[in-house]
Every structure is written in structure tokens, then in C-alpha cells.
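Work through these exercises on pockets and packing. Try each task before reading its solution.

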Amino acid sequence: HRWTAASQSYMSPAFSADPSDLFAWIGVITYLPPGQDDEARRCLQLQFEALVEEVEALCDKYNAVPHWAKVEIPEDKSRRAKLVQRIRKRYPVQAFNTMRERVDPKG
């Protein structure tokens, strides 16, 4: 993990109008070693998903938010809906999409 000061970028997870705010960055990463068979990879994926669920519970408790570009999309519809809600609450998604459409209309 690491700590940073507040950012002035609206799309930053560390955005804050208060320059004295501090932010902690925690990475949730699972490495898939080469040479794993399908069953071993599935097992690692299930362990990773369980860890992500535990982190999501901490997000709720501490008002934490994932980086919008590093999100693991849950297959479970209710978890996915909660993630979308969390991201839309924290980031100016509509403003971002409006600007994106204006400067890059063809995607």
C-alpha cells in the first residue's frame, strides 16, 4: 500500500477539495503462475473473488472506492449493481461520458 495527498483531478480516487486530506492505496492482486491447468486457475480465481468480496465489505465500512479503471466486474448482478452505484456516487461519470463523447465521438 501507499499514501498520497489529495488530487485535484475529478476522476482520481484521491480527489478532494481539501488539500490536507490523505489517501491510502491498497492493491488487490492475484498472480496466475504460468503452467497452471484449468482447475488450478479456477481455484486461484475463486480465492481472488473471495478476497475482493472481503475488500468490498471494507469499502462499505470505510467509504472506500476502487479506482475506476482497475475494477474487477463481478458476475453476480447484485454485487455489480452495488459497484456501479459506488462508482457513480464517487466519480462524475456523467460529466466524464459527456466530455468523452464530445472529444472522441467515434470512441
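**Exercise 1.** Which element supplies the largest share of the lining of the largest pocket?

Solution. This is a predicted model: local features need pLDDT of at least 70, side-chain atom pairs count only at pLDDT 80 or more, and totals for chains, interfaces and linings use all residues. Residues are numbered from 1 along each chain as its sequence is written, and side-chain values use heavy atoms, without hydrogens and water.

- Start with the suppliers: β1 (2-5), β2 (22-25), α1 (38-62) and α2 (77-90) each give at least two lining residues.
- Then pick the main one: α1, with eight residues.

**Exercise 2.** Describe the largest pocket.

Solution. 
- Volume: about 1,400 Å³.
- Lining: 35 residues, with C59, A64, V65, P66 and H67 nearest the centre.
- Classes: 21 nonpolar, five polar and nine charged.

**Exercise 3.** What is the make-up of the lining of the second largest pocket?

Solution. 
- The space is about 180 Å³.
- Among the lining residues are Q45, F48, E72, P74 and R79.
- Five lining residues come from α1, the largest share.
- By class, the lining divides into six charged, four nonpolar and one polar.

Definitions and conventions: On a 1 Å grid over the protein atoms alone, a cavity is a set of points where a 1.4 Å probe fits but cannot get out, and a pocket is an open set with protein on both sides within 12 Å along at least five of seven lines; lining residues have an atom within 4 Å of a point. Grid points are joined across faces, edges and corners, and a volume is the space filled by probe spheres set on the points. Helices (H or I, at least four residues) and strands (E, at least two) are DSSP runs, numbered from the N terminus. Ala, Val, Leu, Ile, Met, Phe, Trp, Tyr, Cys and Pro count as nonpolar, Asp, Glu, Lys and Arg as charged, and the others, Gly among them, as polar.
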